[in-house]
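Student: I would like to go through the terms used for this structure and see what each one rests on. Where do we start?

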Amino acid sequence: MEKLIELKNINKVFKSHKLISVKKDDFVAVDNVSLDIKKNTVFGLVGESGCGKTTLARSVMFLDPPTSGEILFDGKDIASLSGKELKLYRSRMQIVFQDPNSALNPKMSIYRCMKEGLVNRRYPKDKIDTRIKELLDLVGISSSYVNRYPHEFSGGQKQRIVIARALSMEPEFLVLDEPVSNLDVSIQAQIINLLLDLKDEFSLTYLFISHDLNLVSYLSDEVAVMYKGQVVETAETEKIMKGPLHPYTLKLFSSAPGKNSVELFEADESYREGLPEGYTYFPPEPDSSLQLIDIGEGHSIGCYALNG
Amino acid sequence: MGKLTGPMYGILRGNMEFLLFLFRRFLRLLLTILIISTIIFFVIRVIPGDPALVVAGIDASDEDIQAIRARLGTDVPVAVQYGRWLADIVRFDFGESMISGASVNKLIMERFPLTLTLAILGIVLGIIVAIPLGVLSAVHRWSFWDYFGMVYSQMGMAIPSFWLGMILLLVFAVKIPLFPLFGSDSLKNLILPAIALGFARAAVILRLTRAAMVEELSKEYIITARAKGLTNRMIRYKHALRNAMIAVVTVTGIQFGYMLGGAIIVEQVFSLPGLGRLFLYAIYQRDFPLIQGGVVFIAVIFSLVNFAVDIIYSLLNPKIRIS
Amino acid sequence: MPKKRADKRAVKRADSTLEIRDLNVSFIQGEKEANALRGISLSLKRSEVHSLVGESGSGKTVTSTCVMGLLPTPPARINAGEIILGDQDLLLLEEKDRREIRGKDIAMVFQEPARYLNPTLKVGDQITEMLILHLGMEKTEAVERALEILDLVGLKGGKRILDSYPHELSGGMKQRIMIAIAISCNPSFLIADEPTTALDVTLQLQILNLMLSLKNRLDMGILFISHDLRVVHDISDWISVIYAGRIVESASRETLFADPKHPYTKLLFESIPDADKRGKRLQTIPGKVPDAENIPGGCAFHPRCPIAEEICRTSQPETKNLGGNHTAACHFIGKQWKN
């Protein structure tokens, strides 16, 4: 399958700014991450808070350009684009955040909020109103509500509006950063179904970020597990669900609620499931660097080479 | 596991950070003083007219004026004057008054104790009134005390201190002679001026105390305190007040700073020979060295008060020590 | 005085159940009345985890605050009901007696430890103040006891932890402190309101395990409030599902997950995404939870229910016992439907 997004050795380092500070170390939020996202698939990114998944997403979107590394969108290096081209590329990728409240301006009616984006990309003026109706229709919001304000909608409806606004840019790629985490169970399912329908209808590609393993394993085609800024395991979803290998993946999977076992997996130093000869899951030296090794059929695990 | 982790690390780093924090604040204090003295220096140079002419008077000869310029140090280029000015400040030497010839430092130090006493009395009176009343207003909202507090703070902000001072003198020194009308040698002389000075400040502190207390009482940790079955008294005074004080201390400190620099009118009404009066006359008489020295002195005092507030603030708020 | 204070510790009632009967609570705002709880009944036994699951706005937090006696009245108004602990109805007690029970007999753990701990008080003081107040301990004795409790909740570091401020601890540690505070007086019952929602999954599991082990060790009944069916599945003995201020179904964990009877419960289970449902559309429940001001007449769930008929619009279904205390409130229990 064709790749839409290729991330090559992405690093994002936050420098410590203070002139006088004890914390001299720079903070490495994303550490040498390489991933490919195929067209019209859902790529799930799981990890706990602070693991760098949101930072990575912001880097991909060029909201916070990475410190180093390449981002290829449809084969083109985003960093090489001029301002005007970058703007064009940016509209081809959109992001939906966890909290729709902070994404919608409370003082703007839904109509104005939708119109803003369309005007920005010079959509024909006479067609804007019909387009807004179409988009709201698509996400299941009655177009008779266009003059209402965000606070008049429920959480789920607001998230639908945010999705409609993202769609108004006619993107090919959507980053979905915990888009249903704030919603009730029964509403979550509605939004997830909607996202999957839209994906099929418009051949969209998703980067789906979540801490919810069950959710990610339900809807994504491929999964990457992030831990402390690094990808420690990535594979097709079914493969990783059936046979997780990396100790952190196992720990994460064992902690997902809803199973009868309530034991947290903790690997000891002797654990080396799935490792090729000459590698280990535990850093032999404090500064050893993690490598992502392909162990076959696109299943990669993060490990360290013994002997340098 | 040799690395420091968890609370151990937090505490160690906390103390280190606290020292650094103090150091940073101290640097900021020096910077503030430098900026203020620079502004003063240039503002005074920009004012039209040559101070030497003012001192010499209209009949002075050219030689006299030259001599005065030499004495004032205005006969050299501005850059040199600025350098000398900074050097003087570092040594805390503001020269001599053009009028009396006494050293500016001596003049200030003679007057400062009175103003300081007055300000301390004022702020203490203010705190005694404002904080309990503010807490009472917040805890018993829409009660008698809350309305009383509201009326008080309205009045405190509306009534000018000179008017209040005169009324106080009229009532408590003239009609009912509880306090002396003049003089500055005993504490008794300072009570009425302190009330006049503290009245408006108390209004500000009161409003802030109430607001801070109301806010703290609505926070989640208060729910925890209630769920623990604590008494109302413990919830209010052990939990809420402690947190509310963080904001109150800051504002009280700033109010105290104002009092030190802004007692001019009250000192005038009560004929107290404090700093305010000294500076007022210095301005009347275009006594430039004294004005310069006075402004820098007040700036230093103000910065020191702020510095102290920062320290108290960080002691009350354990978070600031790390962040 | 010390003698009298020490006595407080001796009179520790051995209450075996906490029972909520027919609790009906409204919130009054001007002319508007929001009927938040419309007859909630549930009973909680010691050494049992009884979970109350529901979506936001269903009334689960109102229930827990009401049991704790922390509902501000007004705006809240308790229209009817009893909360029975031992032989007394808590709703009839004076505030002073109620306070004695809070923290000592019934304690509570909240969702976000970072906000529910006092930021300017050392965690040691936050634990010992209860021991001093409720159990009449001296300060030194209270510190000793606090150290034991830290051990119980799995916090190593002893005195150093007692001397730290909440912000110096990690999220998981803070939640352990919250739990330490809650269990400090050895309460018979613990109310846990979404205690792991703000935590990462690995921490969540640790906290759930901790609560389960404490429950057994201290012979404590836990009322576990949650929106997350999967978490509830892992921790509960008994589960009640709440919808629009009423319990629509209540059963043991095994029964409820194996054989849910109420259409709302069934739909909830089917709407949860997991790997087994890959490639299939998720079941959804149309519409949203009604707000307490506009609860539909009859069965409150009827506008969203796939099997609703005329009677559901007009009459509120009785809560029926389906055997083994499995109860459900629906006119058409067991009726199937096609998606």
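Tutor: What follows takes strands, a helix, a chain contact and a nonpolar core in turn.

Tutor: This is a predicted model, in which local features need pLDDT of at least 70, side-chain atom pairs count only at pLDDT 80 or more, and totals for chains, interfaces and linings use all residues. Residues are numbered from 1 along each chain as its sequence is written, with chains lettered from A and ligands numbered from 1 in the order in which they are written.

Student: What makes E6 and E7 of chain C a pair?

Tutor: Strands are DSSP runs of E, at least two residues long, and helices are runs of H or I of at least four, both numbered from the N terminus. Two strands pair if DSSP finds at least two bridges between them. E6(C) and E7(C) (residues 189-193) are joined by 4 bridges and run parallel, so they count as a pair. One bridge sets Met108(C) against Ile191(C) in E7(C).

Student: Why is E6(C) called an edge strand?

Tutor: The open sheet of 8 strands in chain C has the order E6-E7-E8-E3-E9-E10-E12-E11, with mixed pairing. Strands E6 (106-109) and E11 (320-321) of chain C each pair on one side only.

Student: Which helix lies across E6 and E7 of chain C, and at what angle to E6(C)?

Tutor: Helix H8 (residues 171-183) of chain C does, at about 175 degrees to E6(C). Axes are lines fitted to C-alpha atoms, for helices over the stretch in contact, and angles between N-to-C directions run from 0 to 180 degrees.

Student: Which strands of chain A pair with E13(A), and over how many bridges?

Tutor: E13(A) (residues 300-305) has 2 antiparallel bridges with E10(A) (residues 230-236). Ser300(A) is the bridge partner of Thr234(A) and stands opposite Asp294(A).

Student: How do you know that chains A and C touch?

Tutor: Contact requires C-beta atoms, placed from the backbone, within 7 Å. By that test, 27 residues of chain A are in contact with 32 of chain C. H7(A) gives the most to the chain A side, with 7 residues.

Student: What makes Leu207(A) part of a nonpolar core?

Tutor: Such a core is a set of buried Ala, Val, Leu, Ile, Met, Phe, Trp, Tyr and Cys residues joined through C-beta atoms within 7 Å. Buried means 20 or more other C-beta atoms within 10 Å of the residue's own. Leu207(A), Phe208(A) and Val225(A) touch the most other members of the largest core, which has 239 residues. Contacts of Leu207(A) beyond four places in sequence include Ile37(A), Phe43(A) and Val175(A).

Technical notes: Two residues are in contact if their C-beta atoms, placed from the backbone, lie within 7 Å. A residue is buried if 20 or more other C-beta atoms lie within 10 Å of its own, exposed if 12 or fewer, and partly exposed in between; C-beta atoms are placed from the backbone.
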